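Hello,

Here is the structure I promised to pass on to you. Please have a look at it first, and then read my notes below.

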Amino acid sequence: MKKNILITGGAGFIGSHVVRLFVNKYPEYHVVNLDSLTYAGNLENLKDIEKATNYTFVKGDITDEAFINQLFEQYHFEGVIHLAAESHVDRSITDPLAFAKTNILGTMVLLNAFKKLWTNNWTGKRFYHISTDEVYGTLGETGLFTETTPYDPNSPYSASKASSDHFVRAYGETYGLPYVITNCSNNYGPNQFPEKLIPLFIHNIINQKALPVYGDGKYTRDWLYVVDHAVAINLVYHQGKNHETYNIGGFNEWQNIDLIKVLCQQMDNKLGRPEGTSEQLITYVKDRPGHDLRYAIDASKINQELGWKPSVSFEEGLSKTIDWYLSNTEWLAHVTSGTYQEYYQKQYKQ
Ligand code: NAD
Ligand code: DAU
């Protein structure tokens with residue numbers, strides 16, 4: 001009998017890399033990928049493993065309590081890796097309720113289903129909640145987020161993620177539910193929906209459209225290649241300590257405008273356009289409300305306790321990412337047709 005593992009949000013950006021890693025690495029597991037396929041979920045991300053015998057895709061919503069309870073009864077999941085979420089800060093500013101529903105209520109529905117199935121019999125079970133560094137709020141020009149930095153979320157997205165983290169922890173304290181949480185910095189890489197900075201700008205450069213830089217462009221993020229995040233998730237799932245949280249980061253801080261200029265140079269190079277062509281597309285636009293100035297992670301706990309560190313340099317990761325988008329133009333065309341256009345017009349008022 002294979003061990004049934006539930007991965008939620010596995011058709012999304014990070015989730016698809018996690019599903020691929022688990023399906024390929026663990027033939028002894030049966031991986032169930034539960035995803036409601038919102039605009040951000042895309043089964044094209046998993047074409048290479050969709051026929052694997054240790055993999056099943058289930059379309060469903062984590063907020064649907066009856067459905068989720070029935071799924072847990074059917075598969076008796078021993079482990080849950082929970083990534084399903086509304087994940088884009090800008091969308092949380094225009095539709096905060098959708099974020100509360102999926103990110104808070106959805107997480108609680110999963111926690112309840114897990115508790116209902118295993119109460120008083122936790123041996124070998126694990127609920128792994130994937131979270132974000134944004135729960136810590138913003139840093140000034142110096143300092144790093146550690147696992148003990150107080151929560152101080154500023155956007156509806158980060159408030160909903162912070163709330164879900166608290167519920168996971170509370171289920172651990174109150175019911176003994178064996179959980180682990182990781183808080184990760186900004187991911188980039190193949191399969192990221194082109195609403196987030198790097199894939200949006202790659203898409204716009206290909207199409208010679210304006211590159212909308214929020215505010216003065218001096219905001220700082222700590223970037224991690226998505227495959228390195230998936231590797232960390234595998235490690236924490238198998239070796240992390242129960243009732244612990246781990247920060248995951250890239251040791252790789254960039255001010256947005258500096259990153260954008262490097263991206264422009266690499267794109268000009270790869271597209272055979274004269275140097276400086278893409279930089280001319282940079283357009284400063286209205287700032288994001290409540291925009292966090294700087295995120296930066298102290299990832300020494302996961303490094304010292306589990307031996308994890310990023311393996312892909314930013315230069316290499318960015319180059320691989322651009323190459324992936326340039327050779328997956330059909331993927332890009334599919335996800336940017338239809339409702340993407342409506343979102344884009346509204347967000348950037350063009
Ligand atoms: P994503 O938006 O690309 O994917 C989210 C997935 O969840 C999609 O496939 C979507 O269809 C699915 N989903 C959404 N609502 C659902 C629902 N109600 N029921 C079932 N499925 C639903 O997100 P991502 O960037 O891959 O992020 C995955 C997780 O990692 C999120 O929890 C996010 O908060 C966290 N995270 C992301 C980053 C980042 O830089 N992208 C960094 C740290 C943490
Ligand atoms: O830190 C982890 C978080 O990183 C994750 O939890 C989120 O799910 C993920 O979306 C990401 O949040 P950010 O808000 O940092 O990512 P985003 O790509 O939206 O923006 C990165 C920076 O670029 C930020 O300072 C805002 C800026 N930006 C973004 C967009 C989309 C622009 O200047 N212009 C843009 O059009």
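**Overall fold**

In the chain, 82% of the contacts with a separation of 6 or more are between residues 24 or more positions apart, where contact means heavy atoms within 4.5 Å. Before going on, a note on the ground rules: this is a predicted model, in which local features need pLDDT of at least 70 and side-chain atom pairs count only at pLDDT 80 or more, while totals for chains, interfaces and linings use all residues. Residues are numbered from 1 along each chain as its sequence is written, chains are lettered from A and ligands numbered from 1 in the order in which they are written, and side-chain values use heavy atoms, with hydrogens and water left out.

The chain has twelve helices and twelve strands; these are DSSP runs numbered from the N terminus, with helices being H or I of at least four residues and strands being E of at least two. For 350 residues, a compact globule would have a radius of gyration near 20 Å, and the chain agrees with that because its own value is 20 Å. That radius is taken over C-alpha atoms, and the globule rule is 2.2 Å times the number of residues to the power 0.38. The C-alpha trace spans about 65 × 45 × 40 Å along its principal axes.

Of the 350 residues, 57% are buried. Buried means under 20% relative accessible area, exposed means over 50%, and partly exposed is in between (1.4 Å probe, protein chains only). The chain exposes about 14800 Å², and carbon and sulfur atoms supply 50% of that; accessible areas come from the Shrake-Rupley method with a 1.4 Å probe, and for residues only the protein chains shown count as cover.

**Ligand 1**

There are 29 residues around ligand 1, and the closest are Ile14, Asp35, Ser87, Tyr157 and Lys161. A residue is near a molecule if one of its heavy atoms lies within 4 Å of it. Sorted by class, this shell has twelve nonpolar, 13 polar and four charged residues. Here Ala, Val, Leu, Ile, Met, Phe, Trp, Tyr, Cys and Pro count as nonpolar, Asp, Glu, Lys and Arg as charged, and the others, Gly among them, as polar.

Several backbone atoms meet this ligand. A backbone N or O atom of glycine 12 is 3.0 Å from an oxygen atom of ligand 1, and a polar backbone atom of leucine 83 is 2.9 Å from an oxygen atom of ligand 1. At serine 36, a backbone N or O atom lies 3.1 Å from a nitrogen atom of ligand 1. Taken alone, ligand 1 exposes 830 Å², of which the protein buries 96%. Two or more residues of the shell come from each of α1 (13-25), β5 (126-132), α5 (156-175) and β7 (186-188), and β5 gives the most, with three residues.

**Ligand 2**

Around ligand 2 there are 26 residues, with Thr132, Asp133, Tyr157, Arg288 and Tyr348 coming nearest. Side chains feature here: an oxygen atom of ligand 2 is 2.5 Å from a side-chain N or O atom of aspartate 133. The corresponding distance is 2.8 Å for arginine 221 and 2.6 Å for arginine 288. Ligand 2 on its own exposes 690 Å², and the protein buries 95% of that. The elements that give two or more residues to its shell are α3 (89-94), α6 (197-206) and β8 (211-214). By class, the shell has twelve nonpolar, seven polar and seven charged residues.

Arginine 288 sits in the loop between β12 (282-285) and α9 (300-306). It counts as buried because its relative accessible area is 17%. Leaving out residues up to four places away in sequence, arginine 288 touches His88, Val89, Asp90, Ile93, Tyr214 and Arg221.

As for α6, eight of its ten residues are buried, so this helix is largely enclosed by the rest of the structure. Among the buried ones are Ile198, Phe201 and His203. Just after α6, glutamine 208 takes a positive phi of about 50°.

Threonine 182 lies in strand β6 (residues 179-184) and is buried, at 0% relative accessibility. Beyond its neighbours within four places in sequence, its contacts include Tyr128, Ile130, Val236 and Tyr246.

Serine 158 belongs to helix α5 and is also buried, with a relative accessible area of 0%. Not counting residues up to four places away in sequence, serine 158 touches Glu134, Val135 and Pro153.

Best wishes

Notes. A polar contact is a pair of N or O atoms within 3.5 Å; within protein, one must be able to donate a hydrogen and the other to accept it, and residues adjacent in sequence count only if both atoms are side-chain atoms.
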